[in-house]
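Look at the sequence and the structure below.

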Amino acid sequence: GNVVSADSSTVVTVAASGGTGTLSGTTTATASSGQATFSGLAYDKAETITLTYSKTGLTSGAQSLTVAGGAATKLGLSTLADGATGGSPFATQPVVAVQDAGGNTVASDTSVVTVAASGSGVLSGVTSKTATSGVATFAGLSYNLAATVTLTFTASSRTQATQFLTVTVGPAAKLSVSTQAASATAGAVFASQPAVKVLDAGGNTVTSDSSTIVTVSATGSGSLSGSTVATASSGVAAFAGLSYDKGETITLTFAKSGLVSATQSLTVAVGAASQLTVATAANGATGGVTFVTQPIISLKDAGGNVVSTDSSTVVTVAASGGTGTLSGTTTATASSGQATFSGLAYDKAETITLTYSKTGLTSGAQSLTVAGGAATKLGLSTLADGATGGSPFATQ
């Protein structure tokens with residue numbers, strides 16, 4: 001058991017066992033006057049280990065060593081965020097440990113850990129958590145855009161921790177109008193037909209969707225015509241042939257069961273005059289007497305809206321189907337989209353058709369029964385003829 005003080009050449013090696021960490025530093029030392037002095041040794045885990053000192057041919061020496069946890073210096077990810085789809089909470093939420101220089105969790109630490117994401121999207125959820133027993137467990141985090149981002153975790157006076165996370169497009173969750181219906185005139189196909197995107201919760205187009213059927217409906221007093229359903233292709237449902245018959249502002253609603261609907265406002269303008277319709281029919285007609293009710297004719301667009309801006313079109317009325325004559329003013333100029341006749345009369349007691357026309361417009365018509373009037377005069381329907389003195393007339 002005597003120190004061999006003459007030995008200044010033997011090289012002694014130290015190794016750690018019984019733990020999960022790593023022994024670092026200079027793990028060999030050369031004897032000087034029978035003693036080998038080590039320097040710079042460190043062990044990274046807080047646990048009890050055995051240090052064994054050895055040299056081939058010599059009986060080894062050993063000791064037990066308890067390594068204590070150090071002061072908090074850095075953050076480490078004990079659980080990585082994973083299972084990320086646009087706009088939905090990550091399937092696996094990140095867990096961050098406050099660690100000492102050796103990577104041991106400092107259980108006494110209560111640092112506030114904050115997470116931020118790179119990229120042009122938005123990281124949602126509770127982005128700051130206070131460590132409990134040295135561990136900050138996040139919940140409800142989500143990122144809206146489909147992209148690969150870097151999550152950076154920080155705490156005051158601690159070295160940050162980072163991870164890469166790939167966010168993929170999620171399942172269909174909502175609809176969004178990508179192209180609005182526009183340039184709408186009543187009764188005519190919209191010049192710009194709407195297109196609707198199928199989006200995930202984060203607003204990413206679900207380009208893999210070529211099956212979702214979207215339906216469009218309209219508010220208002222009129223009717224929406226055309227193909228009111230459209231099937232998505234690469235995540236976009238494009239409508240065609242839509243039109244609306246009334247001149248008014250409406251709301252178009254695009255819907256699919258199970259998805260959040262999308263809407264747009266659309267002002268439908270009154271179109272150019274294309275047809276004449278009888279707003280007030282001539283009535284109270286007696287042969288040879290001015291009609292009690294004079295006709296009023298509306299100028300309407302293809303959707304049946306009165307073209308109230310028209311105060312110039314001249315409408316003509318004519319009678320057919322009878323043997324008499326229509327008298328009075330047989331033309332009338334529109335005022336705010338309506339042509340009002342006056343002074344019309346028909347001389348024969350019979351049923352006729354009144355036709356209202358203007359070149360380039362579809363005509364309007366009505367049936368009118370003209371009644372016989374009260375007796376006011378005598379008229380010869382057959383003249384006496386073939387008369388000879390003292391004899392009855394041949395024609396009475």
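A polar atom of the side chain of Q193 lies 2.9 Å from the backbone nitrogen of L242, and the backbone nitrogen of G241 lies 3.3 Å from a polar atom of that side chain. A polar contact is a pair of N or O atoms within 3.5 Å; within protein, one must be able to donate a hydrogen and the other to accept it, and residues adjacent in sequence count only if both atoms are side-chain atoms. This is a predicted model, in which local features need pLDDT of at least 70 and side-chain atom pairs count only at pLDDT 80 or more, while totals for chains, interfaces and linings use all residues. Residues are numbered from 1 along each chain as its sequence is written, and side-chain values use heavy atoms, with hydrogens and water left out.

Q193 sits in the loop between strand 18 (184–185) and strand 19 (195–199). Strands (E, at least two residues) are DSSP runs, numbered from the N terminus. With a relative accessibility of 17%, Q193 counts as buried, because buried means under 20% relative accessible area, exposed over 50% and partly exposed in between (1.4 Å probe, protein chains only). Leaving aside residues up to four places away in sequence, Q193 touches T179, Q180, A181, F239, A240, G241 and L242; contact means heavy atoms within 4.5 Å.

Next comes a sheet. Strands of a sheet pair through backbone hydrogen bonds, either parallel or antiparallel. Here four strands form an open sheet in the order 31-29-34-35, with antiparallel pairing; two strands pair if DSSP finds at least two bridges between them. Strand 31 (331–333) and strand 35 (364–369) are the edge strands, and each pairs on one side only. Strand 34 and strand 35 are joined by six bridges, and T353 stands opposite S367 in strand 35.

Strand 34 (residues 351–357) also holds Y356, whose partner F341 lies in the loop between strand 32 (338–340) and strand 33 (345–346), so the pair ties together parts that are 15 residues apart in sequence. How are two such rings described? A pair of aromatic rings is described by the distance of the centres and the angle of the planes. Rings of Phe, Tyr and Trp (its six-membered ring) pair if their centres lie within 6.5 Å; planes under 30 degrees apart count as stacked, over 60 as edge-to-face and the rest as tilted. By this rule there are four aromatic pairs. The centres of F38 and Y53 are 5.7 Å apart and the planes are at 50 degrees, so this pair is tilted. Y53 is partly exposed, at 23% relative accessible area.
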